[in-house]
Amino acid sequence: MSILIKNQIDRRQQSRQAGGSILMLIAAACITTGVSAQQSPPGLIDFSPKHDVMIRNDDGTLQPMDKPYYRSKLIAPGTWQIESDGDYSYLLEGDNEALAIDTGYGAGNIRAYLQTLTKKPLRFVANTHYHFDHTANNAYFDAAYMSAGTAEKVTIPYPSFRGINFPRDYPKVIIGDGYKFQLGNREIEAFIVGNHTVGGTVYLDRRERILFSGDEIMEPNEPVNISVEQFAMNMRKLEAHRKEFDRLAGGPGLLEAADIEKYLAAAEKVLSGKQGELIAPRLPRAVNESPNTDATGPIIYQRRLVRPPDRPADMGTPNPNLRTMSYEDRHITYHVNNIH
Ligand SMILES: [Zn+2]
């Protein structure tokens, strides 16, 4: 694990004293050890303004949005999948310390919860991308590691969180492609492959043979937001490491590693000149679930799913320039004017 070096901390503190501006730190290429960054994490982020909003659990029960909900599942030795609200987060434990991947947007101190799962010190989070359902609770950590593209938009809350005050000036460490976290007998390498978002980052854990893929891989349909050519390059970059992982662990849950080859094959069909099918846009599940059926009752959101106020305004809008290309049971959706 990289540790912030002393003079960076001093500079940050000076910067804060000077005007409270956020100072992005560039992670040192070499791992520096022996100095810890002792920040004071904030107290609870106060969700009480949303007490009257209800979250529906998978078993149908409801609970107020400001009540913490954390569940974990061991998915590999020293590796937990965390369910709260927003997308899944993960906890990785090495011999020396632990690392969180993403923080969801559920109420409560996720760092304190994760620390109940591991005896190793947990100080840092690594973000896969800037979406708020992965980053809302970053401020509980000593620092959040992320790509430059992620850092640009990481602290923007979703509309359904209006009224809650999220700290925005927590320490951020900018990492580049190939950055490695050293957790002690467990190395985690970052690959920047932004398609879902600019700066989207995945993390390869060779010890447990898992690629933590954030939202960069979706099943069974992958929306291509960049050119098909760029997307194929990203998939080739990950495919070059396919012998080093067997599973994907992402925002939607555990996914098949073979998705990488299938999406690459679909992209290569497009690049070879084949044209995909015109498709009716698919709506994600949440769009079809009204937040509540009784106009006088409380707002109800389904746990983990995208909330209707937070979805992009153009989601589901027919677009004659979108096509779908399939390979086996996987599909990419791309824009006909954004192939090369
Ligand atoms: Zn996302």
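Six helices and 21 strands make up the secondary structure of the protein chain; helices (H or I, at least four residues) and strands (E, at least two) are DSSP runs, numbered from the N terminus. The model is predicted, with local features requiring pLDDT of at least 70 and side-chain atom pairs pLDDT 80 or more, while totals for chains, interfaces and linings use all residues. Residue numbers start from 1 along each chain as its sequence is written.

Of the 340 residues, 42% are buried, that is, have 20 or more other C-beta atoms within 10 Å of their own, with C-beta atoms placed from the backbone. Among contacts (C-beta atoms within 7 Å) between residues at least 6 apart in sequence, 63% join residues at least 24 apart.

The axes of helix α5 (residues 228-239) and helix α6 (residues 259-271) come within 9 Å and cross at roughly 145°. Axes are lines fitted to C-alpha atoms, for helices over the stretch in contact, and angles run from 0 to 180 degrees between N-to-C directions. Residues of α5 in the contact include Phe231, Met235 and Leu238, and those of α6 include Tyr263, Leu264 and Val270. The contact comprises eleven nonpolar, no polar and five charged residues; Ala, Val, Leu, Ile, Met, Phe, Trp, Tyr, Cys and Pro count as nonpolar, Asp, Glu, Lys and Arg as charged, and the others, Gly among them, as polar.

Strands β13 (residues 201-205) and β14 (residues 210-214) run antiparallel, joined by three bridges.

Notes: Buried ≥ 20, exposed ≤ 12 C-beta atoms within 10 Å, placed from the backbone. Contact = placed C-beta atoms within 7 Å. Pairing = 2+ DSSP bridges.
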